[in-house]
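Me: I would like to learn how to read a few features of a structure, beginning with the contact between chains. Could you take me through them one at a time?

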Amino acid sequence: MRMNPLRRKVVLVAALALLMPAGCRRGPASPPPAPMVVFAAASLADAFHELNIAFAQARPELPVVCSFAGSNQLVAQIESGAPARVLVTADEHSMARAVQGRHVRAEAVREVCGNELALVVPANNPARVQGLSDLTRADVRVVMAAPAVPAGAAAAALLSASAAIPTLGANFPERVMRNVRSQEENVRMAMAKVELGEADVGIVYRTDALAAVRGGRGAMVTIPDALNQRTSVRIAVTARAEGEPGPTAFVEFVLSAAGQRIMAEHGFVVAEPALEPATPGPAPSPSAPETGKPG
Amino acid sequence: MRRRRGSPAEGSAGITWGLSVPLLALFVLPVAALISRVPIAQAGEILAEEPFRQAVRLSLISTAASVALSILLGAPLAAALAGSRRRGGRPSRLLVIIEAVVDLPTVLPPAVAGLALLLAFGRAGPIGGVLAAAGLDISFSLFAVVIAQTFVGAPLFVRAFRAGLEGVDADLLDAASMDGASRWVRLARVSLPLAGPGFGAGCALCAARALGEFGATIVFAGSLPGVTQTLPLSVYVALHEDLDRALLMGVLLLGLAVALLGGARLAAGLGKGD
């Protein structure tokens with residue numbers, strides 16, 4: 001007697017399901033190494049793309065895949081169990097949070113380089129922003145990163161520091177905040193709004209502004225040294241990856257002369273060759289040239 | 001040939017239900033996990049926070065405005081589409097294109113939708129440029145939030161309301177016109193009352209979708225607490241900072257969405273009685 005056609009189909013599907021894993025099992029040859037996951041702050045994207053290429057040439061047997069996002073988002077993902085081998089944050093506060101959550105050992109943290117802020121405007125500078133004081137003009141639209149993100153925190157600190165400057169006028173920080181139209185999730189989104197012409201000026205990292213200038217997508221307006229905020233880019237092998245040769249090699253490469261040269265080329269502030277573990281030490285000397293003038 | 005679909009044979013019903021369990025579990029388990037982790041103890045404290053109340057207020061206002069705008073702009077479209085198929089025969093190519101256009105926002109990834117809206121309505125865009133010259137600043141405003149939410153929500157309203165209108169028995173309309181009712185009277189006295197459930201369902205679906213919109217909002221309208229940071233944006237921000245606040249806001253959003261969907265089902269079910 002014929003089996004009910006529906007039953008026959010179910011049995012067939014079940015049989016296939018059971019047989020599939022057997023067919024998929026790998027042969028005796030060892031599988032290719034899984035790429036090592038590196039979590040890096042959004043502001044490091046350009047520099048780290050280049051770093052990865054150089055690292056791939058130096059150590060082709062250690063493939064790397066990078067994930068870029070706001071530092072706070074990266075730490076949150078690691079806290080939820082994301083399998084990152086290396087963490088690179090845009091400031092020490094985010095790295096400290098990872099240390100506090102025991103996802104990174106304090107001793108493993110190293111300082112990569114420094115960064116500071118700048119103003120970025122669209123290439124033709126339609127609002128003719130020349131300096132900080134222009135941020136309070138009535139028609140100027142300002143964007144910045146959210147305060148939870150390192151770039152946003154640094155921008156907020158910059159505005160606080162500016163309150164003490166008499167030439168900027170009373171209530172400078174409040175007047176600027178009134179012109180802030182959006183607090184973006186990461187500094188690159190703020191850059192995008194400026195590049196698209198939606199915002200007149202963005203408070204971003206100097207490295208981001210330089211990248212825009214080089215790409216012809218924007219112009220940079222510098223911030224006086226006395227007010228500028230210095231951020232410290234930190235790197236560490238995550239606790240779960242401690243002892244693995246790949247992540248350690250990657251970190252060493254970033255800190256090597258070759259890696260530091262790449263960071264400097266992108267506008268980051270690098271220290272002199274002999275690098276100490278991340279303790280609050282003297283400020284590294286700037287070695288990156290200033291390029292880009294207001295439009 | 002025997003038609004097996006919908007076969008009442010009990011054996012096959014058991015098997016199909018059994019095979020349905022994984023998907024139902026996929027829907028239920030994450031939601032259950034979310035609810036189980038709600039910090040009830042801190043709920044009162046978090047609910048009183050100003051940023052939280054701002055986000056709730058912005059979400060409710062923008063969603064209400066989006067639904068209103070969807071009804072205003074979508075009802076004529078739904079009526080036009082409903083009438084076009086009724087005439088029978090093959091649908092014209094233009095109609096097929098229009099229907100595809102109405103489906104477009106639904107299949108567009110939200111962030112892409114936001115970018116597209118920004119390019120069109122932003123200051124530097126064709127439409128936004130004209131509006132900006134006239135003094136109307138759209139981007140980075142609550143109005144932008146409403147536009148983004150309407151973009152994703154209106155198609156759902158149009159679809160449901162159209163279905164409701166098409167469900168109106170053509171014979172009733174014919175009888176009304178034979179009794180001398182004008183087109184408007186037919187619309188007001190026959191079509192609309194009978195399509196009421198479709199209308200209600202459309203409003204609820206549109207509202208639920210608008211309430212939950214994230215990608216298009218954050219790209220087009222930006223994110224500023226008290227101005228454009230709706231609940232979904234707030235949840236995203238809180239996710240990286242304070243998990244308790246994120247959980248609480250998430251559950252609130254979930255509750256609102258469930259209430260709206262329940263309303264949609266209720267409205268859709270109301271019409272089936274007679």
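**Reading the interface and the helices**

Reply: Chain B and chain A bury about 2200 Å² between them, with 55% of that area on carbon and sulfur atoms. The model is a predicted one, and the contact takes 24 residues from chain B and 25 residues from chain A.

Me: Which residues of chain B lose the most area to chain A?

Reply: They are Arg123(B), Phe140(B) and His240(B), which together account for 32% of what the side of chain B buries.

Me: How many salt bridges does the rule find across the interface of chain B and chain A, and which residues form a salt bridge there?

Reply: The rule finds 1 salt bridge across this interface, and Arg123(B) forms a salt bridge with Asp200(A), their closest N and O atoms being 2.9 Å apart. Across the interface of chain B and chain A there are also 10 residue pairs in polar contact, with both residues at pLDDT 80 or more.

Me: Which elements of chain B give two or more residues to the side that touches chain A, and how do the residues of that side divide by class?

Reply: The elements are helix H1 (10–36), helix H5 (110–121), helix H10 (215–220) and helix H11 (231–239) of chain B. The residues of the side of chain B that touches chain A divide into 13 nonpolar, 7 polar and 4 charged.

Me: What is the secondary structure of chain B?

Reply: Chain B comes to 12 helices and 0 strands, and its C-alpha atoms fill a box of roughly 65 × 65 × 35 Å along the principal axes.

Me: How are two packed helices described?

Reply: Two packed helices are described by the angle between their axes and by the distance between those axes. In chain A, helix H9 (residues 245–255) and helix H10 (residues 257–265) pack at an angle of about 60°, with their axes 4 Å apart; H9(A) and H10(A) are therefore oblique to each other. The contact is made by Phe253(A), Val254(A) and Leu255(A) of H9(A) together with Ala257(A), Ala258(A), Gly259(A) and Gln260(A) of H10(A), and by class this contact has 5 nonpolar, 2 polar and no charged residues.

Me: How many salt bridges does a search of the whole structure find over all chains?

Reply: The search finds 20 salt bridges over all chains. Asp46(A) forms a salt bridge with Arg188(A), where the closest N and O atoms are 3.3 Å apart. This pair links distant parts of the chain, given that Asp46(A) lies in helix H2 (residues 45–58) of chain A and Arg188(A) in helix H7 (residues 187–195) of chain A, 142 residues apart.

Conventions:
Residues are numbered from 1 along each chain as its sequence is written. Chains are lettered from A and ligands numbered from 1 in the order in which they are written. This is a predicted model: local features need pLDDT of at least 70, side-chain atom pairs count only at pLDDT 80 or more; totals for chains, interfaces and linings use all residues. Side-chain values use heavy atoms; hydrogens and water are left out. Axes are lines fitted to C-alpha atoms, for helices over the stretch in contact, and angles run from 0 to 180 degrees between N-to-C directions. Angles under 35 degrees count as roughly parallel, over 145 as roughly antiparallel, 65 to 115 as roughly perpendicular and the rest as oblique. Contact means heavy atoms within 4.5 Å. Ala, Val, Leu, Ile, Met, Phe, Trp, Tyr, Cys and Pro count as nonpolar, Asp, Glu, Lys and Arg as charged, and the others, Gly among them, as polar. Buried area is the accessible area (1.4 Å probe) that two parts lose on being put together, summed over both. A salt bridge is a side-chain nitrogen of Lys or Arg within 4 Å of a carboxyl oxygen of Asp or Glu. A polar contact is a pair of N or O atoms within 3.5 Å; within protein, one must be able to donate a hydrogen and the other to accept it, and residues adjacent in sequence count only if both atoms are side-chain atoms.
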